[in-house]
Amino acid sequence: MVKPACPIFVVSTAKGGVGKTTVAVNFAHALARSTFMERPMRVMFIDLDAQGNATNLFSLDHETLEEHCSVHPMLEGRVATPKEQYGVLVIGHNEESMGKLQLLASTTVLVDFRRGLAATIAAHEPDVVIIDTPPTQTPSGGAALGSASHLIIPMTPTRHAFNGAKKAREYASMLGELMNTTVTVCGVVPIMTMRGKANDEIMQRAQDEFGPLLTSAIPMRIVIKEAEVVGMPLVAYEESQCAELNQDEGNFLASKKRQKYSEVGQVFDEITKQILKQVLNGQGA
Ligand SMILES: Nc1ncnc2c1ncn2[C@@H]1O[C@H](COP(=O)(O)OP(=O)(O)O)[C@@H](O)[C@H]1O
Ligand SMILES: [Mg+2]
């Protein structure tokens with residue numbers, strides 16, 4: 001078994017619209033801002049979802065991104081050139097690679113992508129890689145899981161998301177066997193959580209199934225949607241909002257708003273800390 005040069009985190013589940021991209025992008029951004037190392041951490045982000053949502057959340061346009069800065073070369077076993085966005089080395093999606101991705105067969109994508117990933121890691125020497133994925137059972141979802149060292153599973157408080165989380169874990173272990181690698185499940189990130197019995201019941205089931213959930217849940221918050229519409233990682237968006245509000249010091253409403261623009265960002269920081277602690281201690285769920 002070949003040991004990856006650095007931890008490769010894949011954010012995946014078998015369900016769409018459950019916060020994969022939100023978790024992946026903000027986890028990468030939290031790592032890049034973190035002070036876990038004496039120097040800034042080199043974080044590489046790869047958008048393997050043909051929708052290009054993560055590319056957009058890093059303020060890149062999936063319609064105009066240069067081919068060599070996209071995942072396209074990696075899907076052919078070649079080195080990609082990341083663009084630095086918000087301190088993260090981003091390898092995004094462009095229209096051409098999207099089209100190509102749909103046409104390739106799973107096994108080709110899996111083998112070529114692993115070669116392209118190894119070559120890109122060797123060329124750019126990241127400390128950590130984060131991969132965003134489409135729902136698992138697609139060629140690129142499989143390629144991501146077949147290359148991963150760690151799996152992070154976002155889960156909304158619904159039964160469908162719970163089932164999707166279980167499927168993702170099964171699929172990861174199948175691909176691990178196939179590719180002769182071990183994928184450690186870091187755990188489940190509860191996202192879009194709400195108050196109430198239904199939320200608590202399904203999250204308890206997730207805890208029974210997967211072990212401790214990853215620290216604080218990411219509650220349903222409008223600011224996450226606002227950041228998505230603008231196309232920025234959450235904390236970068238919050239900071240841009242605070243900078244505007246700071247021009248209006250002393251205003252009571254402004255100070256209230258400043259508080260609002262810091263709460264969810266801190267939750268991502270907490271989750272990031274916990275995941276890193278687990279990885280450094282070699283633990284998983
Ligand atoms: N905690 C949250 N509060 C409010 N909206 C959220 C939250 N998490 C995610 N969203 C929104 O839900 C939608 C789906 O999230 P996304 O991360 O794109 O899911 P996926 O990648 O699994 O398809 C997006 O519009 C995103 O902005
Ligand atoms: Mg997504």
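This report describes a predicted model of a protein chain with a ligand.

## Overall fold

The protein chain has 285 residues. Its secondary structure comes to twelve helices and eight strands. Along the principal axes, the C-alpha trace spans about 60 × 45 × 35 Å.

A compact globule with 285 residues would have a radius of gyration near 19 Å. The chain has 18 Å, so the two agree. Buried residues make up 47% of the chain.

## The nonpolar core

In soluble globular proteins, nonpolar side chains tend to be buried together. Here the largest nonpolar core holds 82 residues. Ala28, Val43, Phe45, Ile130 and Met155 touch the most other members.

Phenylalanine 45 illustrates the packing. Leaving aside residues up to four places away in sequence, Phe45 touches Ala28, Val88, Leu89, Val90, Ile91 and Ile130. Two of these partners, Ala28 and Ile130, are also on the list of core residues that touch the most other members.

## The ligand shell

Ligand 1 has 16 residues around it. Lys20, Thr21, Thr22, Ile224 and Glu228 come nearest. By class, the shell has six nonpolar, six polar and four charged residues.

Three elements each supply at least two shell residues: α1 (20–33), β7 (184–193) and α9 (222–230). Threonine 22, in helix α1, touches Ile191 and Ile224, not counting residues up to four places away in sequence.

The 14 residues of α1 should span 20 Å at 1.5 Å a residue. The end C-alpha atoms of α1 are 20 Å apart, which agrees. Of the 14 residues, 14 are buried, so α1 is largely enclosed by the rest of the structure.

Threonine 22 has 26 C-beta neighbours inside 10 Å and therefore counts as buried; the cut-off is 20 or more. Threonine 55 is 33 residues away from threonine 22 in sequence. In space, their C-alpha atoms are 11 Å apart.

## Helix α7

Helix α7 covers residues 159–179. At 1.5 Å a residue, its 21 residues should span 30 Å. Its end C-alpha atoms are 30 Å apart, so expectation and model agree.

Buried positions in α7 are Ala161, Phe162, Gly164, Ala165, Ala168, Arg169, Tyr171, Ala172, Leu175 and Met179. Their cover includes α6 (139–145), β6 (150–155), β7 and α8 (197–210). Strand β7 also supplies at least two residues of the shell around ligand 1. Asparagine 180 follows α7 and has a positive phi, near 60°.

## Other positive phi values

Tyrosine 86 lies in the loop between β3 (83–85) and β4 (88–91). Its phi is near 50°, a positive value in a residue other than glycine. With 20 C-beta neighbours inside 10 Å, tyrosine 86 counts as buried.

Methionine 192 is found in strand β7. Its phi is positive, about 55°, although methionine 192 is not a glycine. Methionine 192 has 21 C-beta neighbours inside 10 Å, so it counts as buried.

## Two loop residues

Aspartate 49 sits in the loop between β2 (43–47) and α2 (53–57). With 26 C-beta neighbours inside 10 Å, aspartate 49 counts as buried. Leaving aside residues up to four places away in sequence, aspartate 49 touches Thr21, Ala54, Asp132, Thr133 and Pro134. Of these, Thr21 is one of the residues that come nearest to ligand 1. Alanine 105 is 56 residues from aspartate 49 along the chain, with 15 Å between their C-alpha atoms.

Arginine 195 lies in the loop between β7 and α8. Arginine 195 has 9 C-beta neighbours inside 10 Å and therefore counts as exposed; the cut-off is 12 or fewer. Threonine 158 is 37 residues from arginine 195 along the chain. Their C-alpha atoms are separated by 13 Å.

Methods:
Residues numbered from 1 in each chain as written. Chains lettered and ligands numbered in written order. Predicted model: local features only at pLDDT ≥ 70, side-chain atom pairs only at ≥ 80, totals over all residues. Near = placed C-beta within 6 Å. Helix = DSSP H or I, 4+ residues; strand = E, 2+ residues; numbered from the N terminus. Nonpolar A, V, L, I, M, F, W, Y, C, P; charged D, E, K, R; others polar. Core = buried A, V, L, I, M, F, W, Y, C linked by C-beta atoms within 7 Å. Contact = placed C-beta atoms within 7 Å. Expected span 1.5 Å × (residues − 1). Rg over C-alpha atoms; globule rule 2.2 N^0.38 Å.
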